[in-house]
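I opened the notebook to log what I looked up in this model. The entries follow in the order I made them.

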Protein chains: 2
Amino acid sequence: MRLLGRSIKQRKPFESLEQEVFLEVLRTGAAMMQDLVDVLRRFGLTQPQYNVLRILRGAEPGGLPSGEVGERMVVSREPDVTRLLVRMEKLGWVQRQRRADNRRVVTARITEKGLRLAKALDGPVRRMHNRQLHHMSRRELNTLATLLERARRERGRP
Amino acid sequence: MRLLGRSIKQRKPFESLEQEVFLEVLRTGAAMMQDLVDVLRRFGLTQPQYNVLRILRGAEPGGLPSGEVGERMVVSREPDVTRLLVRMEKLGWVQRQRRADNRRVVTARITEKGLRLAKALDGPVRRMHNRQLHHMSRRELNTLATLLERARRERGRP
DNA sequence: AGACGTTAGTTGTTATCACAGATGTCGTCA
DNA sequence: TGACGACATCTGTGATAACAACTAACGTCT
């Protein structure tokens with residue numbers, strides 16, 4: 001009898017509401033990110049690279065220390081900003097310069113070429129976002145954003 | 001004047017509501033995932049590995065073809081299930097066997113050792129989830145889960 | 001000035017991921 | 001039965017991520 005009962009699969013896929021929310025957040029995030037990645041690859045860049053471009057464009061003029069770039073990354077705190085920035089420098093999108101008044105700090109700035117690339121992506125990315133969520137009302141989107149922020153910012157950790 | 005205006009940073013951090021939702025989903029997902037990863041590393045496994053254990057435990061008895069395991073993965077469709085499963089087989093958590101009646105298919109099953117590990121993780125993971133979201137009401141969590149599912153499933157793609 | 005702790009970034013190493021092409025197996029249809 | 005397309009997995013390769021140890025520069029305190 002136990003065995004028969006078990007064989008009814010997926011009747012209760014979630015063990016708890018909390019777990020359901022957790023999985024929904026991850027799945028939805030992964031799906032949305034994939035849409036972005038699909039757009040980006042047409043332009044030959046990866047998500048972390050695009051993320052850095054956005055951050056550095058927002059940090060103009062003046063640029064940002066490498067560490068702060070890492071902190072502002074969306075997906076992770078990126079323990080490896082150095083090499084990511086070095087790669088992007090080789091591609092000509094970013095310029096790195098050790099700060100004179102504090103030689104520990106390396107300031108990263110977006111280049112003209114990087115700015116052009118970022119600008120070229122604005123339209124496609126915005127359209128992708130609109131397509132993604134155009135079936136939701138303003139009100140629903142606001143609720144969603146608010147709840148997510150609350151879930152994240154006030155969440156309890158060990 | 002333009003320059004002065006621009007220097008007021010982060011006044012309008014989002015370009016659109018859609019983009020705000022996008023970023024909130026990703027950031028919240030990354031934060032929650034990090035909490036899980038922190039639990040998992042105490043037990044010496046990674047998120048994809050844990051994901052596979054959960055999938056295969058749910059697929060007992062009988063196991064699942066490698067390809068289907070990949071499809072059920074949360075974060076990505078994992079184009080590299082083969083090697084992930086091989087590694088887990090070496091660790092003794094998973095058993096792989098080519099199906100006799102269709103030699104193209106490799107069925108993966110969780111082992112006793114894998115089951116014990118998964119079981120040992122149940123408590124810590126459940127507690128982590130509760131901690132993460134205990135500040136939200138049932139009603140809020142339900143709304144959140146519903147909205148996320150709607151955002152993902154009905155979203156428009158190219 | 002010099003010792004010391006801190007900060008910011010760099011480097012080494014290993015594991016994993018993504019992509020693409022290759023391999024072995026199967027079902028079907030002439 | 002034998003050719004062929006489809007399917008499921010495997011393998012090769014290069015890029016990237018995670019983790020940890022290391023170096024250089026700075027601030028401060030004596």
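I began with contacts in chain A: of those with a separation of 6 or more, 46% join residues 24 or more positions apart. Two residues are in contact if their C-beta atoms, placed from the backbone, lie within 7 Å.

I noted the ground rules. This is a predicted model, in which local features need pLDDT of at least 70 and side-chain atom pairs count only at pLDDT 80 or more, while totals for chains, interfaces and linings use all residues. Residues are numbered from 1 along each chain as its sequence is written, and chains are lettered from A and ligands numbered from 1 in the order in which they are written.

**Chain A.** I found seven helices and three strands. From the N terminus the order is α-α-α-β-α-α-β-β-α-α. Helices (H or I, at least four residues) and strands (E, at least two) are DSSP runs, numbered from the N terminus. Chain A has 158 residues, and 29% of them count as buried. Buried requires 20 or more other C-beta atoms within 10 Å of the residue's own, with C-beta atoms placed from the backbone.

**Chains A and B.** I looked up the interface next. Here 48 residues of chain B are in contact with 48 residues of chain A. On the chain B side, α2, α6 (112-133) and α7 (138-153) each supply at least two residues. The most come from α2(B), with 18 residues. That side of chain B divides into 20 nonpolar, 13 polar and 15 charged residues. Ala, Val, Leu, Ile, Met, Phe, Trp, Tyr, Cys and Pro count as nonpolar, Asp, Glu, Lys and Arg as charged, and the others, Gly among them, as polar.

**One helix pair.** At what angle do α7 of chain A and α2 of chain B pack? I read about 25°, with the axes 9 Å apart, for residues 138-153 of chain A and 17-42 of chain B. Axes are lines fitted to C-alpha atoms over the stretch in contact, and angles run from 0 to 180 degrees between N-to-C directions. The two helices are therefore roughly parallel (angles under 35 degrees). The contact includes L141(A), L144(A) and L148(A) of α7(A), and V21(B), V25(B) and T28(B) of α2(B). Its residues divide into nine nonpolar, two polar and seven charged.

**DNA strand D.** I counted 19 residues around DNA strand D, the closest being R103(A), P65(B), S66(B), G67(B) and T82(B). A residue is near the strand if its C-beta atom, placed from the backbone, lies within 6 Å of it. Two or more residues each come from α5 (81-90) of chain A and from α4 (66-72) and α5 (81-90) of chain B. By class, this surface has six nonpolar, six polar and seven charged residues.

Definitions and conventions:
Angles under 35 degrees count as roughly parallel, over 145 as roughly antiparallel, 65 to 115 as roughly perpendicular and the rest as oblique. A residue is buried if 20 or more other C-beta atoms lie within 10 Å of its own, exposed if 12 or fewer, and partly exposed in between; C-beta atoms are placed from the backbone.
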